[in-house]
Amino acid sequence: MVNLLLIGPPGSGKGTQAVRIARRFKVPHISTGDILRQAVRDETPLGREVAATIAAGSLVSDELIANLVRARLDWSDTASGFLLDGFPRTVAQAHLLDQWRSDLVVVHIAVPDEDIIRRLSTRRICQSCGLTQSVSEEWGRTEDCPYCGGTLVRRDDDEAATVRKRLVTYAALAEPLITLYRSRAGFLTVNGQQSPERVSQDLFKGIDSLG
Ligand code: AMP
């Protein structure tokens, strides 16, 4: 049983590592960004409510996201633990989570801003399956999703100006969040400027020693 939280800037490789961690520790991967983007694609009432906020790189309200996460944590697949990716984003959200779950293992993937901006310029999302991945620098419109063959596009919120805004938002919010969790048992920072394989190795080792 391991209740994992993954914290890292946009483009830190968080999504990729989350999939690997979820597989290794056999827990559901709960990505609030993925859930919201899926709702936008499906044009559900939730999707319509959050579409403009997400595209602008702003955060949706604590109340909306808390309701969504709380409902998701009630699913039976979280009985043996979970991996939350993208929540909590604020100290207020962290305090809400404390009311619902304890024994959290918090994993922080650290990557400097310059590296993030470079990485996000090559990031694309599949319009069909929603998978996020990097493409080669000389990317042309002809490259398709290697998993489902769908069309790869740049995420609206990966445009340069929006990325800068998201990084400023991330830095302002993540710092107090990390300070809060660092003061507790069960906190781990991993250097995200290594190959994805090395990052996974460090994450697995760290989680094994904490979990
Ligand atoms: P992400 O894929 O985690 O970068 O999330 C994409 C977008 O979804 C964010 O820019 C926010 O608009 C929204 N979002 C995801 N998680 C949260 C959260 N915990 N609190 C507020 N907004 C969120």
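Trainee: Which atom of the ligand is 3.0 Å from an N or O atom in the side chain of Gln93?
Mentor: That is a nitrogen atom of the ligand, and please keep in mind from the start that we are looking at a predicted model.

Trainee: OK, and how much of the ligand's own accessible area does the protein cover?
Mentor: Taken on its own, the ligand has 480 Å² of accessible area, and the protein covers 95% of that.

Trainee: What about Ser58 and Arg166, how far are their polar atoms from an oxygen atom of the ligand?
Mentor: For Ser58, a polar backbone atom is 2.5 Å from an oxygen atom of the ligand, whereas for Arg166 a polar side-chain atom lies 3.4 Å from an oxygen atom of the ligand.

Trainee: Which residues come nearest to the ligand?
Mentor: There are 15 residues around the ligand, and those that come nearest are Thr32, Arg37, Ser58, Gly86 and Gln93. By type, the shell around the ligand divides into six nonpolar, five polar and four charged residues.

Trainee: And which helix gives the largest share of that shell?
Mentor: Helix H2, which spans residues 32-42, gives the largest share, with four residues.

Trainee: Switching topic: where is Ser12, and is it buried or exposed?
Mentor: You will find Ser12 in the loop between strand S1 (2-7) and helix H1 (14-25). Ser12 counts as buried because its relative accessible area is 4%, which is under the 20% cut-off.

Trainee: What is Ser12 in contact with, then?
Mentor: If we leave aside the neighbours within four places in sequence, Ser12 is in contact with Ile109, Val111, Ile116 and Arg119.

Trainee: You mentioned S6 and S7, so what order do the strands of their sheet take?
Mentor: The order is S6-S5-S7, in an open sheet of three strands with antiparallel pairing. S6 and S7 are the edge strands, since each pairs on one side only.

Trainee: How many bridges link S5 and S6?
Mentor: Strand S5, residues 123-126, pairs with S6 over three bridges in the antiparallel sense, and the bridge partner of Arg124 in S6 is Gln133.

How values were computed. Residues numbered from 1 in each chain as written. Predicted model: local features only at pLDDT ≥ 70, side-chain atom pairs only at ≥ 80, totals over all residues. Heavy atoms only, no water. Helix = DSSP H or I, 4+ residues; strand = E, 2+ residues; numbered from the N terminus. Buried < 20%, exposed > 50% of the residue type's maximum accessible area, 1.4 Å probe, protein only. Contact = heavy atoms within 4.5 Å. Near = heavy atom within 4 Å. Polar contact = N/O pair within 3.5 Å; in protein donor to acceptor, adjacent residues only side chain to side chain. Areas by Shrake-Rupley, 256 points an atom, 1.4 Å probe, with all protein chains shown as cover. Nonpolar A, V, L, I, M, F, W, Y, C, P; charged D, E, K, R; others polar. Pairing = 2+ DSSP bridges.
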